[in-house]
Amino acid sequence: MDIILLGPPGAGKGTQAARLQSSRGMVHLSTGDMLREAVAKGTPVGLKAKAVMEAGELVSDAIVSALIGERLDSAGGGAIFDGFPRTQHQAEALEMLLADRDRTLDHVIELMVDEEALVERIVGRFSCAKCGANYHDRFHKPKIEGICDVCGAHEFKRRPDDNEATVRTRMAEYRAKTAPILPFYEDKGLVRRVDGMAGVDEVAAAIDAILDK
Ligand code: AMP
């Protein structure tokens, strides 16, 4: 099964994708994670993407479509696309990448959210530098301040693009370029909607109900 999780930054796509990866053995394909890895390693793609990402704008369709193309075969048992596609061009590129492998999308799950609440969600988020466990300044602090609940590490990190000004640009990019691809999937009868403002477990249950139908 191949599915897309669609929604603005901070809607919970990454959280739900990671959960689906461990519960169903599907593969989480996040172009944001791939690009951050490329930036950290200083690859040619990373060098091109860094400033664009820091500004909250979109990296070129050709770069992200190529990243997905490289990983798709490793997700032969099913992929969860998180943060891709983000433009009509990318949606069409994904159709072709899947068709080349005799695959088609099963569901496009839209996480419905309130933008103002998302800004607070994103600006407060941080993660363990060692194991990647996610935390939030208000909603999910480590049980002991400064120590990761999962692995006990003392180092945490924040994404450089998780500041309010950049988040507003990322939201605007979503509204202008990503939300308009929904009708493309609606015409194919693929769109399912979930209340992304509910708790993580409730959102997970709603997604499970769609996948198990
Ligand atoms: P994300 O982790 O999905 O929030 O992505 C972080 C940043 O990476 C975005 O703000 C964009 O600059 C870039 N990015 C990630 N995925 C894409 C994509 N599919 N198309 C263009 N840019 C992307």
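This is a predicted model: local features need pLDDT of at least 70, side-chain atom pairs count only at pLDDT 80 or more; totals for chains, interfaces and linings use all residues.
## Ligand site

The ligand is surrounded by 16 residues, and the closest are Thr31, Arg36, Glu57, Gly83 and Arg86. Helix H2, residues 31–41, supplies four residues, the largest share of this shell. Sorted by class, the shell holds six nonpolar, four polar and six charged residues.

Threonine 31 places a polar side-chain atom 2.8 Å from a nitrogen atom of the ligand. At valine 59 the backbone is involved, with an N or O atom 3.0 Å from a ligand nitrogen atom. Arginine 159 has a side-chain N or O atom 3.1 Å from an oxygen atom of the ligand. Taken alone, the ligand exposes 480 Å², of which the protein buries 97%.

## Salt bridges

Side chains of opposite charge can pair when their charged atoms come close. Across the whole structure, a search finds 24 salt bridges. One of them joins arginine 36 to aspartate 33, with the closest N and O atoms 2.8 Å apart. Because arginine 36 and aspartate 33 are three residues apart in helix H2, about one helical turn separates them. Arginine 36 is partly exposed, at 26% relative accessible area, and aspartate 33 is also partly exposed, at 39%.

Lysine 143 and aspartate 149 form another salt bridge, and here the closest N and O atoms are 4.0 Å apart. Lysine 143 has a relative accessibility of 75% and therefore counts as exposed, the cut-off being over 50%. Aspartate 149, at 32%, counts as partly exposed.

Aspartate 162 sits in the loop between strand S7 (156–157) and helix H7 (164–178). Its relative accessibility is 8%, so aspartate 162 counts as buried, for which the limit is under 20%. The side chain of aspartate 162 makes a polar contact of 2.8 Å with the side chain of arginine 125. Setting aside neighbours within four places in sequence, the contacts of aspartate 162 are Ile122, Val123, Arg125, Val167 and Arg170.

A salt bridge also links the side chains of arginine 170 and aspartate 161, at 3.8 Å from N to O. Both partners are buried: arginine 170 has a relative accessible area of 11%, and aspartate 161 has a relative accessibility of 9%. Through shared partners, salt bridges connect Arg125, Arg159, Asp161, Asp162 and Arg170 into one network. Arginine 159, a member of this network, is also the residue described above with a side-chain N or O atom 3.1 Å from a ligand oxygen atom.

## Backbone geometry

Most residues other than glycine have a negative phi, and most peptide bonds are trans. The bond from phenylalanine 84 to proline 85 is cis, with omega near 0 degrees. Proline 85 belongs to the loop between strand S3 (79–82) and helix H5 (88–99).

Aspartate 102 is a residue other than glycine with a positive phi, near 55 degrees. Its location is the loop between H5 and strand S4 (107–112). With a relative accessible area of 76%, aspartate 102 is exposed.

Definitions and conventions: Residues are numbered from 1 along each chain as its sequence is written. Side-chain values use heavy atoms; hydrogens and water are left out. Helices (H or I, at least four residues) and strands (E, at least two) are DSSP runs, numbered from the N terminus. Buried means under 20% relative accessible area, exposed over 50%, partly exposed in between (1.4 Å probe, protein chains only). A polar contact is a pair of N or O atoms within 3.5 Å; within protein, one must be able to donate a hydrogen and the other to accept it, and residues adjacent in sequence count only if both atoms are side-chain atoms. Contact means heavy atoms within 4.5 Å. A residue is near a molecule or strand if one of its heavy atoms lies within 4 Å of it. Accessible areas come from the Shrake-Rupley method with a 1.4 Å probe; for residues, only the protein chains shown count as cover. Ala, Val, Leu, Ile, Met, Phe, Trp, Tyr, Cys and Pro count as nonpolar, Asp, Glu, Lys and Arg as charged, and the others, Gly among them, as polar.
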